[in-house]
Amino acid sequence: MSTAAPPPWHLSSLRVTSAPGAARRPAARQFLTDLAALLGRGGLAVAAATPGLLAAIDQHAAAIRDTIGDGWRVPGAAALAGYAQGLRDRGAAHLWEVPSADQVHWPTAEWPVLRLVAVCALARQAGIAT
Amino acid sequence: MSEILATPSVDVQGALSDMLRAVLLFLPKALLFVLILVVGFIVARVLRTFTNRILERVGFDRWVERGGIRSALARTRYDASDLVAKLVYYAVLLFALQLAFGVWGPNPVSDLISGVVAWLPKAFVAIVIVVVAAAIASAIKDLVTGALGGLSYGRLLANLAAYFIIGLGVIAALNQIGVATTVTTPVLIAVLATIAGILIVGVGGGLVRPMQARWEQWLDRAASESQAIAEHAKAYAAGQRDMDAAMAPAPADPAYAHAGAPTAADTAVGQPVPPPSTTTGPGYRISDEPTQVIPPTPPPGRDTTA
């Protein structure tokens, strides 16, 4: 996962990432960077222009903070990457793929897409990925 | 009466005949002794010249030049083949002496010579040990000088190493010929123990604190990594749970009569199907109402310390 272009997610979504190597800081950061490049950057750009979308993403981010953090601080890179990988892998079991930002119709975006964009927003807040 | 008068002459004759018998018994052995000595002497001289000639023809002196012996012999009028020939000469003489004294059965001189002959191999081995140790010491001295010559103490180290090895060789040779073993062995043990003690305390003791710092670093890194692994696993499980809840159709909504067949397109805009772990508003709706900023609060009844 250290190639220049973001990896094709429909291929990598079938791989289970629960190995300890995925938790290490460089792997987690790389994953979040790839996710941001694929979906997060575009989504957050659209959200910056659309307040409704931004509010929904904020609520998703709050829920994620409650789930994997202590509710107040932004979770770390390992936790964020683990959450996003859990979503993606379970989505693969349900035959759902992570779309890229330009494939998403933002007014009718799905729940998992907004969750992943919220993960990217949290990563940006923590300074992990842009 | 003539018999009484005749007895002294018979005694003298008996004594004379006894003496003659003793001399006659002794004489062959003495002759054999002298014969063996003469023959041994002649054989020794012949062997000496023979060995000398052969070694010189073979070029033994050129081989010996490789070692440090040439410089040792340069000031004498012998060369190496001469020395070896002399050794052969004395060995043959010794052997002849042992044979010669052996004709008289066990006697102290024979025992002495046997003792010397038994000691000779040990002396030979001791000489070999010293020569080999000297060669190794000079080789190591060259090595160390070549490797560390640039340093100010390079020559000192090389000399120390060479003397140490020569000392070891000398002590080993002395032990081999059995000279003063009760002095040389304890001295060797004391020197080695001192060196070992200095190394242990100096090197080992000095390394204690840096190793402590290293260990702390490694353990901290392991702890933080294991914590990251635990967080990752927990978040992974949470992500899977949330996705499952998102993909499952809502149980009480009549619009989802086909509940039980989860598809990826269930959650669309406007249809409230929140997974139990989120707060309000799954998707978002275009509306003209002003958006409200809701501070993040954990929903009641949820376990936030999963």
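**Helix contacts and aromatic rings**

Let's start where two chains touch. W111(A), P112(A) and R115(A) in α5(A) meet D242(B), M243(B), A246(B) and M247(B) in α7(B). Contact here means heavy atoms within 4.5 Å. Those residues split into 5 nonpolar, no polar and 2 charged. Nonpolar covers Ala, Val, Leu, Ile, Met, Phe, Trp, Tyr, Cys and Pro; charged covers Asp, Glu, Lys and Arg; the others, Gly among them, are polar.

A word on the source. This is a predicted model, where local features need pLDDT of at least 70 and side-chain atom pairs count only at pLDDT 80 or more, while totals for chains, interfaces and linings use all residues. Residues are numbered from 1 along each chain as its sequence is written, chains are lettered from A and ligands numbered from 1 in the order in which they are written, and side-chain values use heavy atoms, with hydrogens and water left out.

Back to the helices. Helices are DSSP runs (H or I, at least four residues), numbered from the N terminus. How do these two pack?

Now the rings. How many aromatic pairs does the structure hold over all chains? There are 5. Rings of Phe, Tyr and Trp (its six-membered ring) pair if their centres lie within 6.5 Å; planes over 60 degrees apart count as edge-to-face.

Take F33(B) and F101(B). Their centres are 5.1 Å apart and their planes stand at 70°, so this pair is edge-to-face. F33(B) lies in helix α1 and F101(B) in helix α4 of chain B, so the pair ties together parts 68 residues apart in sequence. Buried means under 20%, exposed over 50%, partly exposed in between (1.4 Å probe, protein chains only).

Next, W215(B) and W218(B). This pair is also edge-to-face, 5.3 Å centre to centre, with 80° between the planes. Both lie in helix α7 of chain B, 3 residues apart, about one turn. W215(B) is partly exposed at 46%, and W218(B) is partly exposed at 39%.

Last, a cluster. Ring pairs link F26(B), F33(B), F101(B) and W104(B).

Methods
Helices (H or I, at least four residues) and strands (E, at least two) are DSSP runs, numbered from the N terminus. Rings of Phe, Tyr and Trp (its six-membered ring) pair if their centres lie within 6.5 Å; planes under 30 degrees apart count as stacked, over 60 as edge-to-face and the rest as tilted.
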